[in-house]
Amino acid sequence: MEVVLVLALVVLLGTTGVESRTAQVYEYFEYPAMSCRTHSASLTDFGGVGDGTTSNTKAFQAAIDHLGQYASDGGSQLFVPPGKWLTGSFNLTTSHFTLYLHKDAVLLASQDESEWSVIEPLPSYGRGRDTTGGRFISLIYGTNLTDVVLTGDNGTIDGQGGLWWEKFRKGDLKYTRPYLIEIMYSENVQISHLTLINSPSWNVHPVYSSNVLVQGLTILAPVTSPNTDGINPDSCTNTRIEDCYIVSGDDCVAVKSGWDEYGIAYGMPTKQLVIRRLTCISPDSAVIALGSEMSGGIQDVRAEDIVAINSESGVRIKTAVGRGGFVKDIYVRGMTMKTMKWAFWMTGNYGSHADDNYDPNALPVIQNINYHDVVAENVTMAAKLEGISGDPFTGICISNVTIELAKKAKKVPWNCTDIAGISSGVVPRPCDLLPDQGQEKMTACNFPEDSLPIDNVQAQICTYKRKYL
Ligand SMILES: *[C@@H]1O[C@H](CO)[C@@H](O)[C@H](O)[C@H]1NC(C)=O
Ligand SMILES: *[C@@H]1O[C@H](CO)[C@@H](O)[C@H](O)[C@H]1NC(C)=O
Ligand SMILES: *[C@@H]1O[C@H](CO)[C@@H](O)[C@H](O)[C@H]1NC(C)=O
Ligand SMILES: *[C@@H]1O[C@H](CO)[C@@H](O)[C@H](O)[C@H]1NC(C)=O
Ligand SMILES: *[C@@H]1O[C@H](CO)[C@@H](O)[C@H](O)[C@H]1NC(C)=O
Ligand SMILES: *[C@@H]1O[C@H](CO)[C@@H](O)[C@H](O)[C@H]1NC(C)=O
């Protein structure tokens with residue numbers, strides 16, 4: 001009985017098999033994806049060399065460009081075999097495409113700047129995040145695509161970020177550092193079952209896209225590395241992030257939608273975002289940050305089953321005068337936190353402007369923010385909730401929360417200014433701006449019961465089979 005169960009699980013979860021016949025050897029993989037492909041190729045068919053020193057930029061680009069011919073004929077998948085594949089940036093030039101990394105495949109990002117072209121800043125940012133002007137393209141870059149899958153059997157993408165962090169710290173960079181994966185203006189995107197390490201900067205950046213599924217990513221970077229955000233959905237609609245484990249030097253998930261006057265003009269919110277079963281370690285940043293670039297608006301975020309260890313804050317709102325936009329209809333349910341500086345943190349004076357041309361009258365609207373079922377221990381300060389004078393953050397609802405303060409906790413556990421809302425069943429007793437509604441309102445701070453379209457996206461089991469000599 002047990003043996004049968006184990007076999008069934010192995011088949012369902014995807015297997016690596018080498019099947020030997022008299023003269024033929026097959027490689028066979030199964031993996032879950034939003035869509036499967038008819039045509040397959042291996043990087044080695046295009047001259048790829050997995051020795052860790054040969055550049056594979058041309059091989060990747062040639063393979064993907066070649067596979068583009070199958071976009072309207074069932075699509076294609078490119079297999080990256082075991083090995084160390086040094087590469088500069090390459091482009092996903094075709095829709096209906098899957099990149100699949102074997103569990104022992106490691107993509108090593110080139111540290112040679114000439115392997116990274118410089119592209120325009122994002123219109124909703126007006127400039128690069130590190131520097132004014134252009135930015136280095138991401139390691140894996142795709143734009144204007146439909147139906148792309150980046151996945152593997154936990155295969156690795158190593159950004160080799162050390163040199164970039166060093167240059168950034170010294171102010172030696174002319175352009176903004178590259179991200180590992182950036183997908184722009186696309187729909188039906190899956191990024192799953194990969195291990196991302198040491199990104200030069202942000203790890204996963206879907207922007208101006210919809211129907212985005214992010215699953216089973218392990219993202220690791222030194223907690224001291226600059227701006228190594230985990231997953232940054234930016235001006236995206238209908239996104240689901242689940243079962244990810246992130247240790248990084250910046251926010252584990254940072255929800256964004258453009259910066260100051262550029263983001264306001266572009267006007268594209270991030271909305272209908274589901275984040276579930278996220279585990280985060282980020283000693284100097286948030287588990288989930290909303291902003292600080294939120295000028296296109298952030299609406300309808302549903303976060304549940306979140307575990308945070310040794311992080312600065314939980315679900316944090318970051319904004320400033322001049323941002324405009326909104327953060328509204330935010331629902332958080334089921335958070336467990338251990339060793340935190342702040343369990344709750346909202347910041348209305350984040351500053352950090354794109355330039356001096358921001359509109360001082362552009363005030364963000366922060367409204368309907370719900371936190372429910374939270375347990376935290378070893379917390380330095382329960383909450384710092386700081387709205388904007390003349391522009392209070394309203395509709396804050398915090399219920400069924402138990403915060404155990406650290407031995408060296410601040411004397412006043414709650415500090416609230418320019419906010420309004422309610423609380424129920426919260427220990428220690430919240431600030432007066434969140435009046436207690438009594439134990440019977442413990443289930444206040446509702447979580448939506450309906451499902452979002454992205455909740456209904458199902459994975460199929462796809463296969464890759466290849467004969468080799
Ligand atoms: C990828 O596209 C960018 C701009 O769209 C271009 O500058 C770059 O050369 C392309 N990369 C490769 C490897 O062809
Ligand atoms: C990609 O889509 C955007 C938004 O629809 C459009 O403005 C842009 O011109 C497209 N780019 C390409 C290369 O097709
Ligand atoms: C991939 O990584 C996840 C998360 O660490 C783990 O649960 C899963 O077992 C791994 N899968 C394989 C095939 O190694
Ligand atoms: C509590 O948090 C402090 C840092 O604020 C840390 O040094 C200490 O190890 C933590 N204690 C436990 C029991 O986790
Ligand atoms: C309060 O939260 C805990 C988990 O933190 C949960 O087990 C419990 O059912 C919640 N109580 C109510 C009344 O919702
Ligand atoms: C509370 O926060 C305000 C605004 O950030 C700050 O000026 C004040 O000193 C804080 N009060 C305490 C007791 O920490």
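Mentor: Strands β11 (residues 140-143) and β14 (residues 181-184) run parallel and are joined by 4 bridges. One pairing to find on the display is that of Gly142, whose bridge partner in β14 is Ile183. The model is a predicted one. These two strands belong to an open sheet of 4 strands with parallel pairing, in the order β6-β11-β14-β17. At the edges stand β6 and β17 (204-207), each with a single partner strand, so one side of each has no neighbour in the sheet. From one strand to the next, the twist averages 15 degrees.

β6 (90-92) and α2 (57-67) each supply at least two residues of the shell around ligand 1. Among the residues around this ligand are Thr57, Gln61, Phe90 and Asn91. Others in the shell include Ser89, Ser117, Ile119 and Ile137. By class, the shell around ligand 1 contains 5 polar and 3 nonpolar residues, and no charged ones.

Asp153, Asn154, Gly216, Thr218 and Tyr245 surround ligand 3. Their classes are 3 polar, 1 nonpolar and 1 charged.

In α3 (residues 162-170), the residues Trp164, Trp165 and Phe168 are buried. Seen down the axis of α3, its buried residues fall within an arc of 100 degrees, so they line one face of the helix. The face turned away from the buried side of α3 carries Leu163, Glu166 and Lys170, which are exposed. Just after α3, Gly171 has a positive phi of about 70 degrees.

Methods:
Residues numbered from 1 in each chain as written. Chains lettered and ligands numbered in written order. Predicted model: local features only at pLDDT ≥ 70, side-chain atom pairs only at ≥ 80, totals over all residues. Near = placed C-beta within 6 Å. Nonpolar A, V, L, I, M, F, W, Y, C, P; charged D, E, K, R; others polar. Buried ≥ 20, exposed ≤ 12 C-beta atoms within 10 Å, placed from the backbone. Arc of directions from axis to C-beta. Pairing = 2+ DSSP bridges. Axes fitted to C-alpha atoms, helices over the stretch in contact; angles between N-to-C directions.
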